[in-house]
Amino acid sequence: MDMMFVALIPLVLFVLVDLKWGMRAGIVTACVMAVALIAYTWFRTGTIDQFLVGETVLIVVMGLVSLRLNESKFFKMQPVAVGVIFSSVILWYQFFDEPLLIKMLPTMYAMMPQLKEFYSSDHALQVLDRLSLVMAITLLVHAALVAWVALKKGNVAWIMARLAIYPMILIAAILSPLL
């Protein structure tokens, strides 16, 4: 299962448990599930996914802050932190190195050699350059959306805003060549 989807499990559980047993139970459940997912992936694959570890650290730290302050809004900012961090990394590469998607091409070629011919053209490199920038902007817009919903709306609206990243990325990927 894709790690981006696996990382959602603790957040969805938070919403479900919070609805039935309250904020504290929801946050504790999410933190325990996040740690359990790391253990599960290690036992299943023999490796530990760094993305999942980063998500788990943020879930646990922001969960502990929320428990300490008795306020779930801090916990709900975890996806905001992830979006800002990822966007910052993408923007760093975009402006101070080489656009991240172009920098990742050798890795993509190693996994799928047939892509080399397709992505060797100048046009393809321009599209990847734009797509990197559009993805960074999309992540920032999504982070702002999730932050606003976390501060102003309930848990169900928050998880829906959190899940909105998937259609947002799809739309950004479709539109970026047109920009």
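The dialogue below takes up a few labels in turn.

Tutor: This is a predicted model, in which local features need pLDDT of at least 70 and side-chain atom pairs count only at pLDDT 80 or more, while totals for chains, interfaces and linings use all residues. Residues are numbered from 1 along each chain as its sequence is written, and side-chain values use heavy atoms, with hydrogens and water left out.

Student: How do you know that the span of helix H4 agrees with its 20 residues?

Tutor: Helices are DSSP runs of H or I with at least four residues, numbered from the N terminus, and the expected span is 1.5 Å times one less than the number of residues. For H4, residues 50-69, this gives 28 Å, and the end C-alpha atoms are 28 Å apart, so the two agree.

Student: Why is Gln-94 called buried?

Tutor: Buried means under 20% relative accessible area, exposed over 50%, and partly exposed in between (1.4 Å probe, protein chains only). Gln-94 has 13% relative accessibility, and therefore counts as buried. This residue is found in helix H6, residues 78-96.

Student: What makes the pair Gln-94 and Asp-129 a polar contact?

Tutor: A polar contact is a pair of N or O atoms within 3.5 Å; within protein, one must be able to donate a hydrogen and the other to accept it, and residues adjacent in sequence count only if both atoms are side-chain atoms. The side chains of Gln-94 and Asp-129 are joined at 2.5 Å, so the distance lies within the 3.5 Å limit.

Key
Helix = DSSP H or I, 4+ residues; strand = E, 2+ residues; numbered from the N terminus.
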